[in-house]
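Please read them with the coordinates open.

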Amino acid sequence: MRLVIAMMKHETNTFSPVVTDWARFEDWNAFTGAAVIENLADTAMPVAAYLKLAREANAEVVTPLAAEAMPSGPVARGAYEHMAGLICAAAEKGCDGALLDLHGAMVAEHLPDGEGELLARIRDLAPELPIAVTCDLHCNLTARMVDNCTALVGYKTYPHVDLYETAERAGSIVLDAM
């Protein structure tokens with residue numbers, strides 16, 4: 001079994017004049033490839049829970065991206081396409097499932113629903129792919145998000161002390177369904 005595990009998170013404030021370019025993700029938290037595992041495996045982040053579930057399932061893991069930026073204005077087109085491109089390329093190479101840590105309130109300069117667009121792109125590449133998603137409890141939930149994933153589970157606490165448990169729940173739903 002091969003799983004794509006990725007994080008693409010941003011809480012967009014459409015009133016903010018601060019454009020969220022790729023540098024803002026790099027300044028806060030952006031890793032690719034093996035660096036995702038090296039930096040996040042032993043944390044309380046959703047990616048860590050997904051990695052644990054993958055180990056328990058003896059799955060091969062592909063980690064194209066784990067990136068997050070501080071809340072700010074819309075995500076720059078280039079930054080969005082870079083991140084979405086890494087995740088979609090990993091899914092396109094073939095996998096049995098995707099475990100994604102998203103925020104649920106990403107707006108890009110060219111897209112009002114960043115998460116819905118990402119999930120639709122993955123679904124277009126692999127129509128039957130099981131996809132788990134974690135989201136913030138105040139995400140801007142859209143029909144496009146719901147229609148293009150298998151399980152979507154939101155945090156229940158603020159501050160978010162249940163990130164890991166939320167990902168365990170979402171990932172378990174999808175792995176059990178597989």
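1. Val62 counts as buried because its relative accessibility is 16%, buried being under 20% relative accessible area, exposed over 50% and partly exposed in between, with a 1.4 Å probe and protein chains only. Val62 belongs to strand 3; helices (H or I, at least four residues) and strands (E, at least two) are DSSP runs numbered from the N terminus. Leaving out residues up to four places away in sequence, Val62 touches Arg2, Leu3, Val4, Ile5 and Ala90, where contact means heavy atoms within 4.5 Å.

2. Basis of the values. This is a predicted model, in which local features need pLDDT of at least 70, side-chain atom pairs count only at pLDDT 80 or more, and totals for chains, interfaces and linings use all residues. Residues are numbered from 1 along each chain as its sequence is written, and side-chain values use heavy atoms, with hydrogens and water left out.

3. Overall form. The chain contains seven helices and seven strands, in the order β-α-β-α-α-β-β-α-β-α-β-α-β-α along the sequence. Its radius of gyration, taken over C-alpha atoms, is 15 Å. The C-alpha trace spans about 45 × 35 × 30 Å along its principal axes. Of the 178 residues, 53% are buried. Among contacts between residues at least 6 apart in sequence, 77% join residues at least 24 apart.

4. Helix 3. Helix 3 (residues 46-56) is largely enclosed by the rest of the structure, because eight of its 11 residues are buried. They are Pro46, Val47, Ala48, Ala49, Tyr50, Leu51, Leu53 and Ala54. These residues pack against strand 1, helix 2 (34-40), strand 3, strand 5, strand 6 and helix 7 (163-177). Asn58 follows helix 3 and has a positive phi, near 55 degrees.

5. Helix 4. The 16 residues of helix 4 (residues 77-92) reach 21 Å from first C-alpha to last, close to the expected 22 Å at 1.5 Å a residue; the expected span is 1.5 Å times one less than the number of residues. Its buried residues include Tyr80, Met83, Ile87 and Cys88. Among the elements covering the buried residues of helix 4 are strand 1 (2-9), strand 5 (97-102) and helix 5 (114-125). Gly94, which follows helix 4, has a positive phi near 110 degrees.

6. Thr134. This residue lies in strand 6 (residues 131-135). Thr134 is buried, with 0% relative accessible area. Beyond residues up to four places away in sequence, its contacts include Pro46, Tyr50, Leu100, Val153 and Ala170. Thr134 and Ala90 are 19 Å apart, C-alpha to C-alpha, and 44 residues apart in sequence.

7. Largest pocket. The volume of the largest pocket is about 240 Å³. A pocket here is an open set of points on a 1 Å grid over the protein atoms alone, where a 1.4 Å probe fits, with protein on both sides within 12 Å along at least five of seven lines; lining residues have an atom within 4 Å of a point. The lining has 16 residues, with Glu11, Glu68, His103, Asp136 and His160 nearest the centre. By class, the lining comprises eight nonpolar, four polar and four charged residues.

Note on methods
Points joined across faces, edges and corners; volume = space filled by probe spheres on them. Nonpolar A, V, L, I, M, F, W, Y, C, P; charged D, E, K, R; others polar. Rg over C-alpha atoms; globule rule 2.2 N^0.38 Å.
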